[in-house]
Amino acid sequence: MTGLIAFREIVLKVHSRCDLACDHCYVYEHADQSWRARPKVISPEVISHTASRLAEHARDHALPSVTVILHGGEPLLAGPARLRLVCEEFTRALDGIAELDLRIHTNGLQLSTRYLDLFDEYGVRVGISLDGDRAANDRHRRFADGRTSHPLVLAAVALLRSEPYRHLYQGLLCTVDVANDPVAVLDALVELEPPRVDFLLPHATWETPPARPDGAPDAYARWLLRIFDHWDRLGRPVPVRLFESLLSTLRGGPSLTESLGLAPTDLVVVETDGTLEQVDSLKSAFEGAAATGFNVFDHAFDQVAAHPGVRARQLGLAGVSESCRRCPVVRSCGGGLYTHRYRDRNGFDNPSVYCTDLRELVDGVEGRTASRETAPQLTDPAELARSQEELTRILLARLHADLADDPGWARAWELLAAVERAGEAGADALDAVLDHPFTRTWVLAALDAARDGRQDVPEAARRLTALAAAAVLRGGLDLPAEVAYRDGEVYLPTLGLLRLGEPGTEGRAALHVTAGGYAVRDGRAEHRFGPTAGDARWQPVRTWSPGPDAVPVALEDLDPYRNCFPRPPRLRLGAGEAEEWRGRLDRAWALLHKAVPEFARAAAAGLTTLTPLAGGPRAGGWGEAGRHGPGALGVPYAAGVRETALALLTGRRRTRLRALTEVADLYALDGQWQHRSPWRERPVPVSRLLADVHERVAVEAYRRATATPEPGGSDRIHRALDRLSEAAELTVTGKRLVAELRYELKTVDA
């Protein structure tokens, strides 16, 4: 079957009875009472068939790993012999097909060394249910005669924490009760040093709502936020899956728990009689809510995966109610646990019965952590630059891993390493050539070629050789710098183009530093070139300064990798053309500084390279951002002063946003949600809407300052910002950026 989401986790009910009488248990105390008709203990036949079905499913879907959770009732009541059979059968069936992750969820009352020795043998990790301190635990988790279970659970945890069993300790599961003291509950759990704590909302529906002693619709949120605050004050001593899931989704990452987020369900339940069911919590909704009509003897797991009830929990945003789809926190809360949405009159097409709690919880965690969770690259240009430098080096290291066996590449790599070891001058020179924007272009192109199996290894080695040689020359280092040239020339990144032979010729030449410049030895002859040599075979990279105190910007019309913009670059400008372009850039920059000084200063920050592009300005006058490292910008050579000014402004806005998205998560990438745009006929993804607003705020400022405002331009931007504010995909960093854009627009409107 196509389009199925494979099951990566199964809950295996090995015993259907329990030795406690917890009054909040969904199995025994809620709507579905099917446990009464099921065998107490899973049979060997059910175990064998389930293991075979899982192995078949894992093989058909090429799953690298599967998780099997032994559950109940109380699974330890099945006894060590039956549990050993489970471990043996699943280990045998999955051998050579998928890695097996065995776990057990237990109340711990029966836990002893005979079980733990078995679990140690098969790597079964143990999670124990405990609701906190004794007062909290005794509120629900008692024996049928009312006796406390707390001391026995603590003894079980102590045994699990001891050697040689400590590595099996998976964590503690705690059901929330707002009548308990949250601080005391967390302290009691933390004292037991669990690898993880899971806080679980008690199962409830709109027909059987959760207890709210004070009648407040956000009682559970307030309780959990008190836990969060205490956990945070303690330095987050143990992982808490609920909070870590929220923090992950707020950063744009995945949900880490079934009870939150929009990730599709990938779990199936096997009852003691071999019946295949949906997620167990559905037993809280109504009798038969979890049923599928399938069993392990007659049906494959794929048939369960195609069940309408299972598919309904795999629809992501389309699977939640209409009001949830409009909610800005839906990526984090996911509409709540599917079971908690149930209402008799319309099934599960509702927000969670904990809706208010979940909204307050997400907003509360975000409000408490936004400043810490915001990516520093957004507010600190130096941090953005450092992150971009690191990204280029990571990509280059990845390329090196692919090409390290090539002798030419290896020699050039060794020279780069020698440059880096050559003190401060060498390190600075290496930084300069690696941070050249088109170094990133080359690395990305080479990685693409390697991935597609069309890598030109000699060309990659030539470019690396040229990089290393340029670093040697820039640093004035006494190191051997040999370059390989093709078609009679070699480009030295950041320095210029050196002609070493006639077109069509190939060879190698040694470069070295001389007083006042550089020299090349080709055979017996040595030729000087560089800043003062005046050699016609040397074409240096020209520069331009965007102001008297500004760092010079390279006018890059030589690098063969500058062809990375949406339109082609100009060929090498003649001397007169270069002077004319410099003058036009001077006037454009002066116009920007006069019209929008704050935006102009921001545009100048980090600008290192301008490339003249063929043709005049496109409609709207936007600058061109290509596939390169930060600092580069493509500007139409034939544009007038006003169009050039607008191209500089919008291009820098575009490249800054691109640089941010490369090193910081501004929005989640797991949704295909569309948003209405004031500038486009069709809905667009949040990335496009954010990019439009990011550019148009600056454009609106420029047009107002130059008396060419766009009718309704500010209103459109405000509408777009409002839509972004409601976009669930935005991370805390993305929301901070939207707030900055609002502030910028406010200064424009003032």
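Trainee: Which residue in β12 is the bridge partner of Tyr491?

Mentor: This is a predicted model: local features need pLDDT of at least 70, side-chain atom pairs count only at pLDDT 80 or more, and totals for chains, interfaces and linings use all residues. Residues are numbered from 1 along each chain as its sequence is written, and side-chain values use heavy atoms, leaving out hydrogens and water. Strands β11 (residues 489–492) and β12 (residues 496–499) run antiparallel, joined by 4 bridges. In β12, the bridge partner of Tyr491 is Leu497.

Trainee: Which residue in the hairpin of β11 and β12 takes a positive phi?

Mentor: Strands here are DSSP runs of E with at least two residues, numbered from the N terminus. Two strands pair if DSSP finds at least two bridges between them. This hairpin has 3 residues between its strands. The positive phi, near 80°, belongs to Thr494.

Trainee: Which strands stand at the edges of the open sheet?

Mentor: The sheet has 9 strands, in the order β6-β5-β4-β3-β2-β1-β7-β8-β9, with mixed pairing. An edge strand has a single partner, so one side of it is left without a neighbour in the sheet. The strands at the edges are β6 (197–200) and β9 (291–295).

Trainee: What angle does helix α7 make with β6?

Mentor: Helix α7 (residues 182–191) packs on the sheet, touching β5 (169–175) and β6. Contact means heavy atoms within 4.5 Å. Axes are lines fitted to C-alpha atoms, for helices over the stretch in contact, and angles run from 0 to 180 degrees between N-to-C directions. The direction of α7 makes an angle with that of β6 of about 150°.

Trainee: How many of the 20 residues of α23 are buried?

Mentor: Buried means under 20% relative accessible area, exposed over 50%, and partly exposed in between, using a 1.4 Å probe and protein chains only. Helix α23 is mostly covered. Its buried residues number 16.

Trainee: Are the rings of Tyr115 and Phe119 stacked, edge-to-face or tilted?

Mentor: Rings of Phe, Tyr and Trp (its six-membered ring) pair if their centres lie within 6.5 Å; planes under 30 degrees apart are stacked, over 60 edge-to-face, and the rest tilted. Tyr115 and Phe119 are 4 residues apart in helix α4 (residues 113–122), about one helical turn. Both are buried. Their centres are 6.3 Å apart and their planes are at 35°, so the pair is tilted.

Trainee: How many residues apart are Phe286 and Tyr342?

Mentor: This pair is tilted too, with 5.1 Å between centres and 45° between planes. Phe286 is partly exposed at 31% relative accessibility, whereas Tyr342 is buried at 9%. Phe286 sits in the loop between β8 and β9, and Tyr342 in the loop between α13 (330–333) and α14 (355–373).

Trainee: Which ring lies under the charged end of Arg147?

Mentor: A charge sits over a ring if NZ of Lys or CZ of Arg is within 6 Å of the ring centre and within 35 degrees of the ring normal. The charged end of Arg147 is 4.3 Å from the ring centre. That ring belongs to Phe143.
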